[in-house]
Amino acid sequence: MLNFTVVTLFPQMFESPLGHSILKKAQDKGLISIRLVDPRDFTTDRHHVTDDYPYGGGQGMVMKPEPLVSAIEDIRAQNPAARVVLLSPQGAVFTQETATELAQEEGLVLVCGRYEGVDERVKLFVDEELSVGDFTLSGGEPAAMVVIDAVTRLIPGVLGNEKSAADESFSNGLLEYPQYTRPEEFRGMKVPEVLLSGDHERIRQWRREASVRLTMDRRPDLLAKAKLTLEERAKASGIKAPIYVALLHHPVYDKNGQVVTTAVTNMDIHDIARSGRTYGIHGFYVVTPVKALQKLARKIIDHWEQGYGSQYNVTRKEALALVRIKDTLDDVLIDIEQECGEKPLLVVTSARPGGNRTSFADLRDMLLKVSQPFLLILGTGWGLTEAIFSRSDYTLEAIEGSTDYNHLSVRSAAAIVFDRLLGGQ
Ligand code: 9D3
């Protein structure tokens, strides 16, 4: 039994919504109760005044603290376990998760504001503030009804069994699949054949796929929290283009603007491989013409792939399987062309400002549309040479931090670029 108490200047507003359908049945079955309390009954002045002008001036009226707080204290005294919620545009946004949490309570007190808001000091007498979304209502009453409805549906016994199972499918964090009923053909539009097939496994698969696709199209923000399989996640990311990364040790500039070859480092190989594996990068090229450094790189990889490390840490092995060592950028391009059947588009990254830059958002869009492979080129030392820039198809915008200091390591920059281009929001 969940006892709702609504504190409102307009108790009559609740009569009809509570008097019909599910909410009426839930009350009749004794699964919930709803008490309406009017703060006007807690005024002590002759005119029962509940609002007043705002200090500091401004539009409209503000609800006075005394009647609301007296009402809250009176309710708390009778029902000490109750959770007291103020409906307010400044509250945390009410979600299905909040509803699930509130449905576990024994008592909920919903305090509705009117006018332009309530005196700030009332907020010290409630447990939390909830909003129902980013739009302006005339008062907390419709929001309280929303909360009562969403919470009541989750109380065992309120819905039939089949229906509560259907609600579970919403709590998987996806939008619901399309529904059809008779007739089989309406104004030339047929019901999808699979739904008439009677093949429950195919129907389940079709619905699941439709849910994922619809969520991807309309509410990609939901996908971050949704429970998806790895395959579904890959599909949902919508990225068709295979993405490769090359870490260039030559040709790059040194401090003095000379073209040099930098040393291969253990940490760059490990960390970019692990980030790359995490974000679904197809291959990670370590490019150096120096044979001794290639040998070093190979030794690092072999240790984890075949040596002691492969037993010691199998996930590291999985990441390092992405690493390929090449002499030059041209060798990388040949390798990708052999694997994909076409040349990759070249994307260079640079911390240096200027030039005609492509934003992360634009490149992300391109990855969704194009199926041609992409090669992200990362420089070492003091950055990629002009020769590499002039060969590239796109120059990605520089990563902006939040200060004027901008000295990311190449492996940190790689992780940030992967997340901005490929991350689930
Ligand atoms: C003048 C600035 N307004 C804030 C955006 C003041 C104001 C507008 C509307 C103060 C209160 C209200 C009434 N709204 C609610 O009480 C309310 C609400 C809402 O307006 N939107 C979403 N959720 C909620 S919960 C309570």
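Visitor: Is tyrosine 115 buried, exposed or partly exposed?
Guide: This is a predicted model, in which local features need pLDDT of at least 70 and side-chain atom pairs count only at pLDDT 80 or more, while totals for chains, interfaces and linings use all residues. Residues are numbered from 1 along each chain as its sequence is written, and side-chain values use heavy atoms, with hydrogens and water left out. Buried means under 20% relative accessible area, exposed over 50%, and partly exposed in between, with a 1.4 Å probe and protein chains only. Tyrosine 115 has a relative accessible area of 32%, so its class is partly exposed.

Visitor: What is phi of tyrosine 115 near?
Guide: Tyrosine 115 is in the loop between strand S6 (107-112) and strand S7; helices (H or I, at least four residues) and strands (E, at least two) are DSSP runs, numbered from the N terminus. The residue is not a glycine, yet its phi is positive, near 55 degrees.

Visitor: Where does arginine 187 lie, and what is its relative accessible area?
Guide: Arginine 187 is another residue other than glycine with a positive phi, near 45 degrees. It lies in the loop between S8 and strand S9 (189-190). Arginine 187 counts as exposed, because its relative accessible area is 73%.

Visitor: Which residues are closest to the ligand?
Guide: A residue is near a molecule if one of its heavy atoms lies within 4 Å of it. The ligand is surrounded by 16 residues. The closest are Glu116, Val132, Gly133, Phe135 and Leu137.

Visitor: Which element gives the largest share of the shell around the ligand?
Guide: Strands S5 (83-93) and S7 (128-131) each supply at least two residues of that shell. The largest share, three residues, comes from S5.

Visitor: How many residues of the shell are charged?
Guide: Ala, Val, Leu, Ile, Met, Phe, Trp, Tyr, Cys and Pro count as nonpolar, Asp, Glu, Lys and Arg as charged, and the others, Gly among them, as polar. On that basis the shell has seven nonpolar and eight polar residues, and the number of charged residues is one.

Visitor: How much of the ligand's area does the protein bury?
Guide: A polar contact is a pair of N or O atoms within 3.5 Å; within protein, one must be able to donate a hydrogen and the other to accept it, and residues adjacent in sequence count only if both atoms are side-chain atoms. A nitrogen atom of the ligand is 3.3 Å from a side-chain N or O atom of serine 131, while oxygen atoms of the ligand lie 2.8 Å from a backbone N or O atom of leucine 137 and 3.3 Å from a polar backbone atom of glycine 140. Accessible areas come from the Shrake-Rupley method with a 1.4 Å probe; for residues, only the protein chains shown count as cover. Taken alone, the ligand exposes 580 Å², and the protein buries 75%.

Visitor: What is the distance between the backbone oxygen of leucine 175 and a polar atom of the side chain of serine 211?
Guide: Serine 211 is in helix H8, which runs over residues 200-218 and reaches 27 Å from its first C-alpha to its last. Serine 211 counts as buried because its relative accessibility is 7%. Its side-chain polar atom and the backbone oxygen of leucine 175 are separated by 2.9 Å.

Visitor: How far apart in space are lysine 240 and valine 370?
Guide: Lysine 240 is in the loop between helix H10 (230-237) and strand S10 (243-248). It counts as exposed, because its relative accessible area is 51%. Lysine 240 and valine 370 are 130 residues apart in sequence, and their C-alpha to C-alpha distance is 6.7 Å.

How values were computed
The expected span of a helix is 1.5 Å times one less than its number of residues.
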